[in-house]
Amino acid sequence: MPTTTLQRRPVLLTKQEITRYSRQLLVDAIDEEGQHNLTHAHAVIIGLGGLGSLAARLLAGAGVGTLTLVDGDVVEMSNLARQVPYNEMHLGELKTRALSRELNKVNPEVTLHIKSLFADKNNLPSILANANCVLDCTDEVKQRKQVNAACASKQLPLFIAAASGCTWQAINLSFQRPIKGCYACLVSQIKIRDDCTTKGVLGPVVAMAACHQATQALLFLANKQHADIQWGQYLVYNAVKPALQSFSLAPFPHCEVCQ
């Protein structure tokens with residue numbers, strides 16, 4: 001009788017990886033192939049304050065294979081109320097170095113590239129080299145506009161989040177056609193202020209924004225082609241009400257970045 005050869009599914013994960021990521025492997029949006037994709041993904045995180053430090057911790061814990069950490073600042077006492085990975089032992093130390101050591105304790109399999117500098121239009125092209133996506137965790141409109149322009153130039157997916165007072169905001173931007181608008185389009189249509197320093201912010205609110213931002217990036221990196229990402233949808237969440245508002249970002253007809 002003729003014999004049949006059973007085709008075995010390729011082994012994508014090691015036993016150690018299956019153990020480490022066992023809970024998220026049960027999530028339909030991840031599964032074994034998605035976890036394999038995460039392991040071979042590269043995310044750039046710009047700004048390692050309350051948003052970026054926690055987002056980096058979540059991405060490292062989830063197994064994103066390569067993280068580039070970008071920040072020129074040092075850890076200060078006022079950071080500790082909302083920047084979860086840092087403690088008093090890190091005071092005065094560069095955030096990139098302090099955070100990279102903490103992330104190595106969480107997941108030593110993740111490759112970390114540290115850039116102890118402030119991102120700007122001159123260094124962004126080299127910072128974003130070989131990245132699959134970017135998380136903008138900065139707190140200045142000017143810097144976000146520069147990150148937005150650099151991502152548009154390279155057609156890199158961009159996940160932006162911010163927090164102020166008891167409110168957080170987020171938007172996911174794809175520069176693939178059809179473009180639904182970019183950050184430059186957003187600031188041309190609504191007034192966005194750099195008011196975290198003057199208005200203050202609650203640590204848990206920053207953490208909410210970071211968790212949303214990290215979730216969106218993970219879903220994208222696990223399945224770039226079919227991830228259920230709401231591109232160009234601007235979210236505003238009030239943690240006091242609580243209430244979530246959203247609107248679809250329309251391209252600004254005269255935008256010099258994306259049009």
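Q: How do you know what span to expect of helix 10 (residues 203–222), and what span does it reach?
A: Helix 10 has 20 residues and reaches 28 Å from its first C-alpha to its last. The expected span is 1.5 Å times one less than the number of residues. That expectation is 28 Å, and the helix comes close to it. Helices here are DSSP runs of H or I with at least four residues, strands are runs of E with at least two, and both are numbered from the N terminus.

This is a predicted model: local features need pLDDT of at least 70, side-chain atom pairs count only at pLDDT 80 or more, and totals for chains, interfaces and linings use all residues. Residues are numbered from 1 along each chain as its sequence is written, and side-chain values use heavy atoms, leaving out hydrogens and water.

Q: What makes helix 10 largely enclosed by the rest of the structure?
A: Of its 20 residues, 14 are buried, so the helix is largely enclosed. Buried means under 20% relative accessible area, exposed means over 50%, and partly exposed is in between (1.4 Å probe, protein chains only).

Q: Are Cys-137 and Cys-182 buried or exposed?
A: Cys-137 is buried, at 7% relative accessible area. Cys-182 is buried too, at 0%.

Q: Why are strand 2 (residues 66–70) and strand 3 (residues 111–115) said to be joined?
A: Strands pair if DSSP finds at least two bridges between them. Here five bridges join the two strands, which run parallel. Val-70 stands opposite Lys-115 in strand 3.

Q: What do strand 2, helix 5 (residues 95–106) and strand 3 make?
A: A right-handed β-α-β unit. Right-handed means that, with the strands pointing away from the viewer, the path from the first strand over the helix to the second runs clockwise.

Q: What accessibility class does Gln-155 fall in?
A: Partly exposed, at 41%. Gln-155 lies in the loop between helix 7 and strand 5.
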